[in-house]
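Please go through the structure below with me. I want to know what lies behind each label.

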Amino acid sequence: MRQIEKITRRLFIKGGFWALTLILWHGIRGPQKIWAEDSFSGTDFVGKTREGKHSSFYINFWKPMRRINIKTWRLKITGLVESPKIFTLDELQNLPIHSQSSRLKCVECWSARAEWSGFSLKELEQIVQPLASARGVLFHCGDDYKEYLSRDSLKQDRVLLAHSMNGEPLSDAHGFPLRLIAPSKYGYKNPKAILEMEYVAEQQAGTWSKIGPYSPDGTILPGTDHPLEFGKQARRIPGGEITDY
Amino acid sequence: MKTFILFVCLVLASESKYAYSSEMVEVPAGKSVIGEISNNDALPQQVLQLQTFSIDRFEVTQEEYARFFPEFIFWQGAEAHPATNITWYQAQSYCEQVGKRLPTEQEWEKSARGTDARLYPWGDKPPRKKPHPFYSGIIKRRVGLNKKDNSPYGVRDMAGSVWEWTASFENGKNVTRGGLWNHHLDYEYSKTFERNLIAPSGRFIFLGFRCAK
């Protein structure tokens with residue numbers, strides 16, 4: 001009997017110690033940090049975060065958005081095209097796939113590299129046939145973000161409409177199911193969670209360019225970069241796509 | 001009085017045609033310091049003897065470029081802004097058509113730096129007025145607008161304005177020299193020895209050129 005009491009007391013003390021440790025840890029880090037990778041894990045939303053695995057590839061959104069349901073998602077091609085069309089992801093994935101390693105450089109100074117796979121605008125335009133008056137494309141995104149790119153810049157080599165990242169379908173945080181990769185432009189010219197591509201006649205300012213000191217052109221300028229995988233150590237960049245590292 | 005005002009207007013009007021690229025400065029033969037010690041952004045430091053050459057005082061403007069390449073389009077009122085979004089091949093072709101060539105990077109550096117190995121075209125002190133740091137893009141301005149950005153030989157806009165193609169190349173890319181007057185998140189003008197490498201097919205809003213012969 002005394003033996004059982006001893007075991008019970010030991011278990012009680014041990015259990016109490018671990019419970020206390022957990023409570024203290026919980027208090028210091030906050031509940032979401034113990035169980036979740038970032039503030040949005042386990043929720044129906046995605047938004048800006050630098051937490052968990054995203055500390056090596058930051059995530060920016062215009063505003064938090066509900067995760068996209070692939071059963072209902074469609075890409076709408078509208079505006080100045082001969083054949084407006086609505087695509088499913090399966091249809092887009094059947095277009096010829098190109099893969100490339102490229103670095104996404106944010107205007108905030110950080111950058112990160114990934115392997116992106118998707119299709120080029122040329123493939124899409126063979127189907128929808130833009131009119132001669134269509135000068136550019138206005139992207140409408142799931143987080144209400146809008147961004148404009150000229151057709152000239154979209155047709156440059158290494159510009160992709162990407163549906164995969166590092167061999168996996170895009171995660172919600174990285175813009176599932178479709179995003180633009182334009183490696184010579186700052187991240188804000190790489191819209192994600194694309195819902196609609198509207199062919200337009202006039203150049204337009206995107207969401208950030210309308211409200212902040214962000215150039216509508218968005219070309220990466222010569223200067224300094226702080227790549228996340230190299231501990232944000234400053235590196236000089238010549239402007240345009242970062243190819244040296 | 002009316003005649004005088006008319007004369008001033010005519011002078012201003014003729015100036016607005018900006019015959020910039022026809023104006024060259026001669027850089028005399030002689031030794032000069034090229035490069036910088038222990039700086040990966042520069043050529044290794046050396047004293048070079050260069051022959052006499054001439055170099056455009058200003059970057060080639062949009063209006064000047066469009067005279068030879070009418071398909072080059074620019075906004076009205078931006079005639080005297082530096083011509084950019086031009087590949088190295090196009091820049092070289094323009095220089096050849098006007099009877100010139102692109103400068104080598106050594107010629108470019110001597111034109112900016114003189115013979116006293118200065119850090120900036122105007123001397124060693126960073127200017128009190130910093131480059132505009134708050135905008136993520138290029139705001140082009142009339143070439144030669146910043147009168148302080150003036151080298152010992154009178155060559156303009158070698159620290160600011162836009163970067164420039166040179167004839168030199170390394171590892172399949174061409175050397176670009178120069179700097180911007182509005183740097184995103186950078187608070188200093190480029191130094192005379194700083195260099196970048198860009199593929200010759202690159203076309204960027206921040207990259208223009210000037211010619212030499």
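**Cores, sheets and contact**

Q: Which residues is B:Ala91 in contact with, and what makes each pair a contact?
A: Leaving aside neighbours within four places in sequence, B:Ala91 is in contact with B:Ile86, B:Leu102, B:Trp165 and B:Phe209. Two residues count as in contact if their C-beta atoms, placed from the backbone, lie within 7 Å. The model is predicted: local features need pLDDT of at least 70 and side-chain atom pairs count only at pLDDT 80 or more, while totals for chains, interfaces and linings use all residues. Residues are numbered from 1 along each chain as its sequence is written, with chains lettered from A and ligands numbered from 1 in the order in which they are written.

Q: What makes the largest nonpolar core a core, and how many residues has it?
A: It has 43 residues. A nonpolar core is a set of buried Ala, Val, Leu, Ile, Met, Phe, Trp, Tyr and Cys residues joined through C-beta atoms within 7 Å. Buried requires 20 or more other C-beta atoms within 10 Å of the residue's own; exposed means 12 or fewer, and partly exposed is in between. B:Ala91, B:Leu102, B:Phe206 and B:Leu207 have the most contacts inside this core. In soluble globular proteins, nonpolar side chains tend to be buried together.

Q: Which elements give two or more residues to this core?
A: Strand E4 (53-56), helix H3 (88-97), helix H4 (105-113) and strand E5 (163-170) of chain B do. H3(B) gives the largest share, four residues. Helices (H or I, at least four residues) and strands (E, at least two) are DSSP runs, numbered from the N terminus. Apart from this core lies another, of 35 residues, including A:Ile59 and A:Val137.

Q: Why is H4(B) called mostly covered?
A: Nine of its nine residues are buried. Among them are B:Glu105, B:Trp108, B:Lys110 and B:Arg113. H4(B) lies across E5, strand E6 (173-178) and E7 of chain B, at about 5 degrees to E6(B). That angle is taken between N-to-C directions, from 0 to 180 degrees, with axes fitted to C-alpha atoms, for helices over the stretch in contact. B:Gly114 follows H4(B) and has a positive phi, near 70 degrees.

Q: Why are E7 and E8 of chain B said to stand at the edges?
A: The open sheet runs E7-E6-E5-E8 (chain B), with mixed pairing. Strand E7 (195-198) and strand E8 (207-208) of chain B each have a single partner strand, so one side of each is left without a neighbour in the sheet.

Q: How do you know that E5(B) and E8(B) pair?
A: Strands pair if DSSP finds at least two bridges between them. E5(B) and E8(B) have two, in the parallel sense. B:Trp163 has B:Leu207 as its bridge partner in E8(B).

Q: What makes the pairing mixed in the five-strand sheet of chain A?
A: Its order is E4-E3-E12-E7-E8. Strand E3 (residues 75-79) and strand E12 (residues 194-200) of chain A are parallel over four bridges. Strand E7 (residues 136-141) of chain A and E12(A) run antiparallel, with six bridges. E3(A) and E4(A) are also antiparallel, joined by three bridges.

Q: How many residues of chain A touching chain B are nonpolar, polar or charged?
A: The contact takes 17 residues from chain A and 19 residues from chain B. On the chain A side, eight are nonpolar, seven polar and two charged. Ala, Val, Leu, Ile, Met, Phe, Trp, Tyr, Cys and Pro count as nonpolar, Asp, Glu, Lys and Arg as charged, and the others, Gly among them, as polar.
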